Amino acid sequence: MKTDIKKLRQSQQQRQQWAKRAEGEKKNNSHADKGFLGAKAAKMMKKSVTINNRIEQAINDKQGLLNNIDSITPLSLNLQQDHHQTLLTIKDVTLSFPDRQLFAPLNFTVKQNEQVALSGRNGTGKSSLIQAICQQFPGNINGTIELASNITVSTVRQDYSDNSGNLTEFAKNNHLDLKLFLNLLHKLGVPRSAFNNRIETMSMGQQKKVELARSLATPAHLYIWDEPLNYLDTYNQEQLIDLIQAYKPPLLFVEHDHHFIEQVGSKIIQLNKDA
């Protein structure tokens, strides 16, 4: 955002220099047609003023967005402490369906204070690996997937169509502190007027925020998020970045947004198709 504003300022200065150069031609060229040069300078100046006004408006718009980002409402995380240093171990893991193997054998761990990003082309099995860790993968699993004993995992899923009912029922069914859950939803931008709506009638953006707030409010030792930024705007994305940078929770995630990965990922695991 700051880079965009800088580029707009540079463009604005360049336009002003062009207009001054045209005016200078009229003053310094004693042999030229003054009427022609004067008309040229006036035309250039008028065009410069119009463009500068547009650039100034664009700068103001971006500055407004920047100010919003600079004053982000902080989110909270119900992170529980645990004595295990390693929370997840993936050893020689491959996933397959009857007709194909998804990726070459994987080996990695998720430790305390690590935020591990799964990277790879579409179809390499990133979401399938998350399903396997959560014991929901429908195919074959080879190798070892080991979660530390007695830990709670909090997820953000790609498919959360089973979230339904009113928010009070939802919080009760998911063993959430209702006040914390609603507070998180409000911080994420869900208006209090929507708190009486059934989840299945909410917009896709609000339904995503319900799924995210559920994960944040769940007392957990490890977080596994599958494309958490879907349906979220820039403001919410920056909220998540600030949250992760502040809490440093053990996190395994899949996300295509390079800025998000650069800001929060402490380790990147590349999934490659099996040769």
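**From a loop residue to the core**

Modeller: Gladly! Setting aside residues up to four places away in sequence, Gln80 touches Pro219, Ala220 and His221, where touching, or contact, means heavy atoms within 4.5 Å. This is a predicted model, in which local features need pLDDT of at least 70 and side-chain atom pairs count only at pLDDT 80 or more, while totals for chains, interfaces and linings use all residues. Residues are numbered from 1 along each chain as its sequence is written, and side-chain values use heavy atoms, with hydrogens and water left out.

Gln80 sits in the loop between α2 (34-70) and β1 (86-97); helices (H or I, at least four residues) and strands (E, at least two) are DSSP runs, numbered from the N terminus. The C-alpha atoms of Gln80 and Ala220 are 5.4 Å apart in space, although 140 residues separate the two in sequence. Gln80 itself is partly exposed, with a relative accessible area of 31%; buried means under 20%, exposed over 50%, and partly exposed in between, using a 1.4 Å probe and protein chains only. The side chain of Gln80 also makes a polar contact of 2.9 Å with that of Asn78. Such a contact is a pair of N or O atoms within 3.5 Å; within protein, one must be able to donate a hydrogen and the other to accept it, and residues adjacent in sequence count only if both atoms are side-chain atoms.

Strand β6 (residues 153-156) pairs with β7 in the parallel sense over four bridges, with Ser154 having Tyr223 as its bridge partner. β7 and β8 also run parallel, joined by four bridges, and Asp226 stands opposite Val254 in β8. Pairing here requires DSSP to find at least two bridges between the strands.

Trp225 brings us to the largest nonpolar core, which has 36 residues; Phe181, Trp225 and Leu240 have the most contacts inside it. α6 provides the largest share, five residues. By a nonpolar core I mean a set of buried Ala, Val, Leu, Ile, Met, Phe, Trp, Tyr and Cys residues joined through side-chain atoms within 4.5 Å.

Phe181 deserves a stop of its own. Beyond its neighbours within four places in sequence, Phe181 is in contact with Leu167, Phe170, Ala171, Leu176, Val210, Ala213, Arg214 and Ala217. In its helix, α5 (residues 178-187), Phe181, Leu184 and Leu185 are buried. Down the axis of α5, these buried residues fall within an arc of 100 degrees, so they line one face of the helix; the arc is that of the directions from the helix axis to the C-beta atoms. The buried residues of α5 pack against α4 (167-173) and α6 (204-217). At the N-terminal end, Asp177 caps α5, with a side-chain oxygen 3.1 Å from the backbone nitrogen of Lys179. Just after α5, Gly189 takes a positive phi of about 105 degrees.
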